[in-house]
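These are my notebook entries on one structure. I record what I looked up, entry by entry.

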Amino acid sequence: MDNKPSLSQYFGSNEVPPASQFFDEIGTSPTDMIQSVYLGDPDTRPQTTSTGIFPQNMTTSFIQNKMPQEMTFTNVVPTVSGSTAIPAASLPDPSTFFDTIGPEPQIGSIKSSATATSVLSDAMDGLSIKNQPIDKDADRRRDAWIPNEDAKKTLLKAQSSPKGSFFPEREVLTMPGIVLEEELADALQEVAVKYLGVSSAGIHGVVRAEHVSRDEAGLRELLRTGYLRSAINLTATLISAAGQGAGRMHRPTKHTPRSLQLWLTRFAVMCRIKLYEPLMKEAEPFGDFSKPDMFYQFYPDSYENRTGSLVPFSLRLLIAELPMHANKPEEAMDRLYAMLDVIEQMIANLNEGKTEDGTGTISIEDQNESLRLWTARQTRVLHSIVNCAIALKDYRLAGKVLSALGAGAGAPAAQRRALASALCRVALLAGHVRAAARHCDAARDLRHHLCPTPDVREYVDLGLIDIAHGKYQDAYNNFAKAADQEPTNIMVANNLSVCLLYMGRLKEAIAVLQKAIHSDPERGLNESLLINLCTLYELESSKTNEKKLNLLRMLCKHKSDTIPNVLECLKLT
């Protein structure tokens with residue numbers, strides 16, 4: 001197959017894009033953040049609001065797998081301006097094509113406050129959970145999990161043994177430790193010093209772990225300001241203080257909600273900056289969090305009669321999805337379905353008027369709150385299963401799960417509309433253009449119940465279908481209408497630019513991306529847009545270095561250490 005310019009890796013590459021990016025909310029995010037595709041209600045525990053670099057929705061990137069050639073649309077791609085064709089993988093990031101299936105993107109500064117629903121924001125919230133008022137029902141609800149039979153036996157022994165007489169076997173203990181021992185440097189600062197010199201790089205004020213307090217407040221500050229590698233360094237210090245640092249792996253240790261919250265923060269940030277190899281090694285001792293020392297009942301002297309898991313739900317879900325990074329989507333699917341089985345058992349217990357683990361009874365009000373929380377969490381897991389199915393190219397399963405989510409009794413029109421839009425895009429991935437058009441029509445009908453005129457989501461869906469037919473001018477027109485409604489939507493700007501490229505209007509394509517960056521540097525300087533713009537620079541001329549260095553200067557001025565690989569984004573050699 002010829003290596004021709006590709007409108008999107010979803011439609012023109014030989015590789016399956018990162019699965020979780022299928023539902024990315026690029027329109028409100030300056031970067032490709034960690035995100036759970038989430039349509040349900042947020043957890044019922046109190047949540048703080050976060051500002052800065054963390055948008056409402058964030059996601060995990062997975063290793064890309066090969067896609068059969070018959071799944072691509074390159075047969076309708078024109079040669080651009082008679083120039084040398086660019087590898088499809090260089091054009092553009094797939095997340096530029098698919099916005100979220102959750103709430104509609106909001107126009108405005110990324111620094112506006114928003115209720116946190118992302119993994120990193122969950123971690124930030126959890127770091128200050130000790131300051132929240134005690135609510136036993138809310139604690140039970142949030143921490144509920146059903147231990148397996150082996151864990152139940154050990155927990156029963158721990159609770160029935162006289163104080164100081166319970167000595168568990170090593171086999172039932174979780175013994176983690178830090179693998180990534182070296183301190184991480186600020187990647188943007190290093191690149192800036194190399195290519196711009198010390199004086200120019202000085203625009204970018206570097207914040208390191210020693211510049212903030214060595215506690216959760218300091219960690220939150222590093223996360224808020226985007227110094228992610230410094231945040232990883234500080235988590236190592238704090239985890240070491242909890243007895244789980246370097247050299248402590250395979251040694252007995254006591255776990256607490258605080259220590260697991262620190263691990264959640266560390267893993268989420270490592271995943272964000274793509275430190276997959278050490279992340280997999282550090283996560284391995286936790287397994288699926290099924291060992292008895294992951295439950296409050298294992299520590300009766302410390303937590304009295306408290307029950308449930310010490311493990312934050314976001315950490316449990318993140319680790320279940322983690323094998324995707326090692327190109328093992330089948331293992332991730334097994335883990336996700338194992339989680340789903342436990343959640344469905346808890347929901348069944350709640351429907352019978354029992355507590356989540358089935359050991360007691362609860363009031364109607366408590367039952368309703370618990371059902372709201374756990375059905376929302378069930379939805380989060382189902383979204384992860386959809387993403388995993390897409391990585392496996394099992395589009396039938398992805399469509400089946402999405403259809404089931406939309407068929408639920410009482411599902412609001414906004415959610416059913418979002419799911420119809422997602423089904424449209426799954427059909428496009430599978431090459432079923434007619435089915436995609438039917439789902440787009442269904443989404444349009446549901447949109448009429450929400451607003452009288454087409455919105456950004458609808459124009460994007462129509463544009464994607466035009467692309468499937470090779471109608472790039474029509475696709476451009478639809479994306480232009482979306483841009484009129486949301487001028488700061490980066491996903492739309494990327495799509496506009498690529499459509500112009502395919503129509504042979506290279507200079508205009510470059511101008512669109514440059515305008516997106518200069519009009520809103522905080523939002524526009526994101527990974528996918530930078531890669532696309534530098535690719536277009538190279539297509540335009542062999543003398544591109546100064547333009548790329550100008551982008552580096554803008555990064556130093558406007559961004560912190562949030563981009564995993566600056567050299568890769570700017571295509572500097």
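**Entry 1. Helices H3 and H14**

Is the crossing of H3 and H14 right-handed or left-handed? I looked this up in the model, which is predicted, and found the crossing to be right-handed. I then took the geometry of the pair: H3 spans residues 136–143, H14 spans residues 364–391, and the two pack at an angle of about 30° with their axes 10 Å apart. That angle makes H3 roughly parallel to H14, because angles under 35 degrees count as roughly parallel.

I listed the residues that make this contact. H3 contributes Asp137, Arg140, Arg141 and Arg142, and H14 contributes Asp366, Glu369, Ser370, Leu373, Trp374 and Arg377. Sorted by class, the contact of H3 with H14 holds seven charged residues, two nonpolar and one polar.

**Entry 2. Helices H7 and H9**

I next examined H7 (residues 216–225) and H9 (residues 257–272), whose axes come within 13 Å and cross at roughly 20°. H7 and H9 are therefore roughly parallel to each other. I noted the crossing of H7 and H9 as left-handed.

On the H7 side the contact is made by Glu216, Leu219 and Leu223, and on the H9 side by Arg258, Leu262, Thr265 and Val269. By class, I recorded four nonpolar, two charged and one polar residue in the contact of H7 with H9.

**Entry 3. The chain as a whole**

I turned to the totals. The chain has 25 helices and two strands. Of its 573 residues, 59% are buried. I also checked the contacts between residues at least 6 apart in sequence, and 74% of them join residues at least 24 apart.

**Entry 4. Nonpolar cores**

How many residues has the largest nonpolar core? I found 90 residues, and those with the most contacts inside this core are Phe267, Trp374 and Val381. H14 supplies the largest share of this core, eleven residues. A second, separate core has 59 residues, among them Ile467, Leu525, Leu551 and Val566.

For Val381 I looked up the partners, leaving aside neighbours within four places in sequence, and found Phe313, Leu317, Leu336, Met339, Leu340 and Ile343.

**Entry 5. Ser384**

Is Ser384 buried or exposed? Ser384 lies in helix H14. Its relative accessibility is 3%, so Ser384 counts as buried, the cut-off being under 20%. Not counting residues up to four places away in sequence, Ser384 touches Leu317, Glu321 and Leu336. I note that Leu317 and Leu336 are also listed as contacts of Val381.

**Entry 6. The loop between H9 and H10**

I looked up two residues here. Lys274 is found in the loop between H9 and H10, and Leu275 is found in that loop as well.

Phi of Lys274 is near 65°, a positive value in a residue other than glycine. I kept this entry because most residues other than glycine have a negative phi. Lys274 counts as partly exposed, at 40% relative accessibility.

Leu275 is partly exposed, with a relative accessible area of 22%. The C-alpha atoms of Leu275 and Leu180 are separated by 9.5 Å, although the two residues are 95 apart along the chain. Setting aside neighbours within four places in sequence, Leu275 is in contact with Leu180, Leu184, Ile232 and Met270.

**Entry 7. Lys291**

Where is Lys291 placed? I located Lys291 in the loop between helix H10 (276–283) and helix H11 (300–303). At 31% relative accessibility, Lys291 counts as partly exposed. Leaving aside neighbours within four places in sequence, its contacts are Glu171, Val172, Leu173 and Thr174. Lys291 and Glu171 are 120 residues apart along the chain, and 8.8 Å separates their C-alpha atoms.

**Entry 8. Glu304**

Glu304 has a positive phi of about 50° although it is not a glycine. Glu304 is exposed, with a relative accessible area of 63%, since exposed means over 50%.

Terms used: Residues numbered from 1 in each chain as written. Predicted model: local features only at pLDDT ≥ 70, side-chain atom pairs only at ≥ 80, totals over all residues. Heavy atoms only, no water. Axes fitted to C-alpha atoms, helices over the stretch in contact; angles between N-to-C directions. Helix = DSSP H or I, 4+ residues; strand = E, 2+ residues; numbered from the N terminus. Parallel < 35°, antiparallel > 145°, perpendicular 65-115°, else oblique. Left-handed = near helix turned anticlockwise from the far one by under 90°. Contact = heavy atoms within 4.5 Å. Nonpolar A, V, L, I, M, F, W, Y, C, P; charged D, E, K, R; others polar. Buried < 20%, exposed > 50% of the residue type's maximum accessible area, 1.4 Å probe, protein only. Core = buried A, V, L, I, M, F, W, Y, C linked by side-chain atoms within 4.5 Å.
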